[in-house]
Amino acid sequence: MKLSICTISFRHQLTSLEHLAEWARRSGFDGIELWGVHAIGLEQQPQYDAKWLRSMGLSISMLSDYLPIVGDKHLGQQKCEHICRLANYWQTNKVRTFAGHQASRSVTASERQAMVNRLRAICHYAEQQGLEVLVETHPNTLADTPASTWQLLQEVDHPVLKLNFDILHVWEAGAEPIDFHHQVAEYVGHYHLKNIASRKQLDVFSPDNVYSPAGTRHGMVPLFDGAFDYRRFLAQIGLEADKSASLEWFGHDVKSTLLQDKAAIDQLRRYTPQHHAVVV
């Protein structure tokens with residue numbers, strides 16, 4: 001499994017991409033998941049590009065943004081074109097987005113259909129640019145439960161629509177992530193890896209809290225120290241090199257935590273056969 005760090009982990013730190021890339025290279029990571037806000041901020045710094053990253057043995061694994069599927073269509077199309085252009089600049093074929101910002105249970109049939117149509121249009125444009133669109137499994141979106149996520153995949157019915165499989169959020173929805181992964185494995189393009197000390201603390205990952213510099217980080221724990229059993233999940237799905245994942249850490253002590261998680265995954269990799277998933 002190819003592992004990336006996320007630039008969003010450093011959202012409240014004064015850290016350059018050059019510093020992050022050099023640290024990721026020294027630490028043995030395979031790539032960097034670039035937050036859309038950061039990609040836009042780097043547009044006026046042409047010294048940073050995909051060729052520069054490749055010289056360090058790195059790549060942008062995914063460009064993570066929020067493409068609007070409600071609201072003004074013209075502005076939404078402009079945002080889509082902009083993000084797709086940046087994805088091509090960084091030579092990544094994966095663009096992450098959310099399926100709206102409303103819980104699936106609260107969306108009317110007509111609202112859902114309109115959102116599906118917009119997402120299909122985004123996929124059509126992305127396909128023309130040689131890109132895939134990865135919808136993240138996430139609370140308060142059309143991908144907030146396994147049933148709604150599966151329905152969305154069938155409704156949009158487009159070959160470039162994939163999933164950013166955020167394992168903890170699938171678990172948060174009350175589902176067994178391994179079972180749901182079996183159902184959607186062919187659609188999974190990337191994984192987000194993070195954990196929590198207790199199910200009762202999952203609200204710590206709400207966007208309003210995560211993006212706030214004053215937000216609490218209480219309950220965020222290293223990957224193998226939390227309530228969800230990542231050793232079992234990763235052993236089940238396999239750690240083959242064709243899979244890609246990001247360590248999505250939002251807490252303090254970013255570098256030390258990322259190194260701890262990577263070391264734990266590396267150890268698991270050494271004891272997990274790479275050619276097929278293990279049943280545990």
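This is a predicted model: local features need pLDDT of at least 70, side-chain atom pairs count only at pLDDT 80 or more; totals for chains, interfaces and linings use all residues.

Trainee: Are α8 and α10 roughly parallel or roughly antiparallel?

Mentor: The axes of helix α8 (residues 177-184) and helix α10 (residues 230-237) come within 10 Å and cross at roughly 25°. Angles under 35 degrees count as roughly parallel. Therefore α8 is classed, relative to α10, as roughly parallel.

Trainee: What is the handedness of that crossing, and which residues of α10 make the contact?

Mentor: The crossing in which α8 passes α10 is right-handed. On the α8 side, the contact is made by P177, I178 and H181. On the α10 side, it is made by R232, F233, Q236 and I237.

Trainee: How many residues of each class does the contact of α8 with α10 have?

Mentor: Both helices contribute to this contact, with P177 from α8 and F233 from α10 among the residues involved. By class, the contact of α8 with α10 has four nonpolar, two polar and one charged residues.

Trainee: How is α6 oriented relative to α8?

Mentor: The axes of α6 and α8 are 11 Å apart, and the two helices pack at an angle of about 10°. Because this angle falls under 35 degrees, α6 is, relative to α8, roughly parallel.

Trainee: How many charged residues does the contact of α6 with α8 have?

Mentor: P146, T149, W150 and L153 in α6 meet F180, Q183 and V184 in α8. By class, five residues of this contact are nonpolar and two are polar, while the number of charged residues is none.

Trainee: Is L153 buried or exposed, and which residues does it contact beyond its neighbours within four places in sequence?

Mentor: L153 is found in helix α6. Its relative accessible area is 4%, so L153 is buried. Leaving aside neighbours within four places in sequence, L153 is in contact with L161, L163, V184 and Y187.

Trainee: Is α5 roughly parallel or oblique to α6?

Mentor: Helix α5 (residues 109-128) and helix α6 (residues 146-156) have axes 9 Å apart and pack at an angle of about 60°. This angle therefore makes α5, relative to α6, oblique.

Trainee: How many charged residues are in the contact of α5 with α6?

Mentor: The contact is made by R112, V116, L119, R120 and C123 of α5 together with S148, Q151, L152, E155 and V156 of α6. These residues divide into five nonpolar and two polar, and the number of charged residues is three.

Trainee: Is R96 buried or exposed?

Mentor: R96 is found in strand β4 (residues 94-97). Because its relative accessibility is 4%, R96 counts as buried.

Trainee: Which feature does UniProt place at residues 22-263?

Mentor: The span of residues 22-263 is 41% helix and 17% strand, and its end C-alpha atoms lie 18 Å apart. According to the unreviewed UniProt entry, the feature at these residues is "domain: Xylose isomerase-like TIM barrel".

Conventions
Residues are numbered from 1 along each chain as its sequence is written. Side-chain values use heavy atoms; hydrogens and water are left out. Axes are lines fitted to C-alpha atoms, for helices over the stretch in contact, and angles run from 0 to 180 degrees between N-to-C directions. Helices (H or I, at least four residues) and strands (E, at least two) are DSSP runs, numbered from the N terminus. Angles under 35 degrees count as roughly parallel, over 145 as roughly antiparallel, 65 to 115 as roughly perpendicular and the rest as oblique. A crossing is left-handed if the near helix is turned anticlockwise from the far one by less than a right angle, and right-handed if clockwise. Contact means heavy atoms within 4.5 Å. Ala, Val, Leu, Ile, Met, Phe, Trp, Tyr, Cys and Pro count as nonpolar, Asp, Glu, Lys and Arg as charged, and the others, Gly among them, as polar. UniProt positions are given in the numbering used here, feature names are shortened, and annotations may be inferred rather than shown by experiment. Buried means under 20% relative accessible area, exposed over 50%, partly exposed in between (1.4 Å probe, protein chains only).
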